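Trainee: Please show me how to read a structure, one feature at a time.

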Amino acid sequence: MNLQQCHWLNEPASWRCQDNELHVMTDNKTDFWRDTWYGFQRHSGHVFGGYINDFNLEDGFTFQFCIEGQFEQLYDQAGVMLLVDEQHWLKAGVEHSDGQATIGSVLTNGCSDWAMGIFPGNPEKFWLRLTYHDGAIRLQYSTDGVTWPLLRLSPFTVGNQRIFVGAMCCSPEREGLQVRFSDFRLTSSLKKHLHDLS
């Protein structure tokens with residue numbers, strides 16, 4: 001992905017692109033969430049990306065990159081986001097919750113769900129890979145950029161609507177989370193076997 005082709009959803013006050021890296025400092029009380037349990041709606045988080053339709057990819061896509069940050073306060077988070085509209089989206093990555101770094105995802109189809117577990121490696125540097133193919137999302141993570149365990153598999157139908165994908169970060173309880181995104185790769189769908197971890 002050429003970062004020069006990308007743009008912001010909810011541009012933060014402080015950010016820069018340099019040498020195909022994106023450096024971001026989050027604004028105050030930024031988040032994505034819709035209704036479930038908490039009863040509120042938030043659509044103020046930062047996402048830097050583009051519409052897949054503009055990249056001339058055929059038969060789905062795979063988007064992956066590296067994320068580095070220090071997740072220290074409640075709900076500090078960074079990762080990947082796929083968005084159709086405010087009611088239909090996926091975000092995934094590392095999030096600080098219950099006093100520790102967790103790896104998880106939120107799929108919103110009208111309302112948000114939330115699935116998470118303890119991050120098995122160094123949460124200050126990790127990789128995410130999102131593949132969309134044939135009406136389904138395949139989400140993988142990596143602690144070393146080599147092995148890619150499955151994080152989530154889910155149906156997600158977008159029809160003829162445009163898909164926006166990008167690097168996401170939020171800090172619902174504060175401002176000033178600093179995140180570095182790098183090693184961006186956007187290709188047509190890899191179409192690998194579900195249990196192929198490479």
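**Surface, fold and rings**

Mentor: The accessible surface of the chain is about 9,400 Å², and 45% of this belongs to carbon and sulfur atoms. Such areas come from the Shrake-Rupley method with a 1.4 Å probe; for residues, only the protein chains shown count as cover. This is a predicted model, where local features need pLDDT of at least 70 and side-chain atom pairs count only at pLDDT 80 or more, while totals for chains, interfaces and linings use all residues. Residues are numbered from 1 along each chain as its sequence is written, and side-chain values use heavy atoms, with hydrogens and water left out.

Trainee: How many helices and strands does the chain have?

Mentor: Helices (H or I, at least four residues) and strands (E, at least two) are DSSP runs, numbered from the N terminus. The chain has 17 strands and 0 helices.

Trainee: How is a pair of aromatic rings described?

Mentor: By the distance of the centres and the angle of the planes. Rings of Phe, Tyr and Trp (its six-membered ring) pair if their centres lie within 6.5 Å; planes under 30 degrees apart count as stacked, over 60 as edge-to-face and the rest as tilted. The count here is 16 aromatic pairs. In one of them, the ring centres of Phe119 and Phe126 are 5.7 Å apart and the planes lie at 65°, so this pair is edge-to-face.

Trainee: Is Phe126 buried or exposed?

Mentor: Buried means under 20% relative accessible area, exposed over 50%, partly exposed in between (1.4 Å probe, protein chains only). Phe126 has 0%, so it is buried; Phe119, with 7%, is buried too.
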